[in-house]
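I opened the model to look up salt bridges, domains and pockets. My entries follow in the order I made them.

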Amino acid sequence: MSITKNIAILEGDGIGPEVMEEAIRVMNAIEKKFGHRFMCTSAWVGGAGIDNAGKALPEETLKICEQSDAILFGSVGGPKWEPLPPNEQPERGALLPLRKHFGLFANLRPARIFKGLSHASPLKCRIAKAGFDFLVIRELTGGIYFGEKGSDENSAWDIMKYTVPEIERIARVAFESAKKRKGKVTSVDKANVLQTSILWRKTVERIHAQEFPEITLEHLYIDNASMQILTRPADFDVIVTENMFGDILSDESAQISGSIGMLASASLSESGFGMYEPSGGSAPDIAGKGIANPIAQILSLAMMLKYSFGLLEEHEAINDAIQQVLDEGYRTGDIFSGSEEEKRIGTKEMGMRITKKIV
Ligand code: NAD
């Protein structure tokens, strides 16, 4: 069935516009092939928002996002805006308000190694070659980052607090995701030390027993989980954890996947509204050179089709197209190993080759 959706396109700064152009090329191919209609509206955000409309998240941009079914986000930031006060800088001034405004409490970051890219992973060859494909789900709007903070002359404190409903809703996202994958959830906490983790574990177990008994559930302490991810990544399917542990685990998982240029993420609200963006930043060191890897942005588009619009076949079509281009040996600089079978290409050519596989 063909669908019509409104999409806010916030390309941002640095490599954002370059990689977004390729994601839109792929989106157009998906529209044509599957008969959908994606009505895209572009808006300023980040440094571009500051320069063109006076702030990182201009009102007009927020309005466009409110009128859309999903947000496809590029990346924001760069040295030009670093002298600004922290709250006015591109990342803090745009990303945090967007997450807050839309209640984006669930952050999903897939970690996987595409076939042929195991050389880019810092893992032992044997482990990287065996491959892995798991999803880290991080609670994004609660916990220690948002608890009461304070300091006096001799001390400082950050309160970590979770409510039952906050844990219930992220647990449901994890179990629902596992249903569409390999059917396993690993819940990560520190229930041997933290009260919030005891509540976390109890609540996850209850939601599992009451609503998702068919899913396999295991628990790991955060210190153990961070080791196990390095030694047996292939055993994981969905990892769910609270905000701070998730912050660390998702970056660790990104590292072992190889290049940040291959990694997408989704941030979802309770109603299923989502913002989709590459895991990396605006890469000012390579911006404007036409060499950035557009695959993270294209995979962000693929996640949008899957999680916001339920278009599973289209999601697979994009993933297959990327794998085919990689199988033919085409690589941007960040995933180029120098081997003779590989051909080094730029941002545009990578986008065009992936698009051609879809048409
Ligand atoms: P970064 O992710 O931008 O860059 C880290 C390294 O990865 C750089 O060497 C860069 O060239 C490389 N890289 C990143 N994406 C790539 C791609 N698609 N293809 C090839 N190489 C790629 O992180 P950083 O240097 O710490 O931050 C740069 C700016 O981005 C800062 O202003 C930071 O605040 C901002 N930032 C924004 C976001 C966001 O918009 N969500 C996230 C992180 C950082």
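**Salt bridges**

I began with lysine 115, which forms a salt bridge with aspartate 327, their closest N and O atoms being 3.6 Å apart. I counted a salt bridge where a side-chain nitrogen of Lys or Arg is within 4 Å of a carboxyl oxygen of Asp or Glu. This pair links distant parts of the chain, 212 residues apart: lysine 115 is in the loop between E4 and helix H5 (125–130), and aspartate 327 is in helix H11. I took helices (H or I, at least four residues) and strands (E, at least two) as DSSP runs, numbered from the N terminus. By the salt bridge rule I get a count of 23.

I note for the record that this is a predicted model, in which local features need pLDDT of at least 70 and side-chain atom pairs count only at pLDDT 80 or more, while totals for chains, interfaces and linings use all residues. Residues are numbered from 1 along each chain as its sequence is written, and side-chain values use heavy atoms, with hydrogens and water left out.

**Domains**

I looked up the domain assignment, which gives domain 1 (1–105 + 270–359) and domain 2 (122–256); such bounds come from an automatic or database assignment. The centres of the two domains, taken over C-alpha atoms, are separated by 26 Å. Five residues of domain 1 are in contact with eight residues of domain 2, contact meaning heavy atoms within 4.5 Å.

I find about 740 Å² buried between domain 1 and domain 2, with carbon and sulfur atoms giving 66% of that area. In domain 1, the residues that lose the most area to domain 2 are Arg99, Phe105 and Tyr307, together 65% of what that side buries. Buried area here is the accessible area (1.4 Å probe) that two parts lose on being put together, summed over both. Between the two domains I count one salt bridge.

**Largest pocket**

How many residues line the largest pocket? I find 26, of which Glu91, Leu95, Leu96, Arg99 and Arg138 lie nearest its centre. The volume of this pocket is about 790 Å³. The search ran on a 1 Å grid over the protein atoms alone, and a pocket is an open set of points where a 1.4 Å probe fits, with protein on both sides within 12 Å along at least five of seven lines; lining residues have an atom within 4 Å of a point. Grid points are joined across faces, edges and corners, and a volume is the space filled by probe spheres set on the points.

Helix H4 (90–101) is among the elements that supply at least two lining residues, and H4 gives the most, with six. Domain 1 and domain 2 each supply at least three residues of this lining.

**Second largest pocket**

I put the volume of the second largest pocket at about 470 Å³. Its lining has 23 residues, and Arg112, Asp133, Arg181, His315 and Asn319 lie nearest the centre. Two or more lining residues come from each of E4, strand E5 (133–139), helix H10 (295–307) and helix H11 (312–327). H11 has the largest share, six residues.

Where does the second largest pocket lie? Both domain 1 and domain 2 give residues to its lining, so this pocket lies between them.

**Backbone**

Last, I checked alanine 283, in the loop between E12 and H10. Its phi is near 40°, a positive value in a residue other than glycine.
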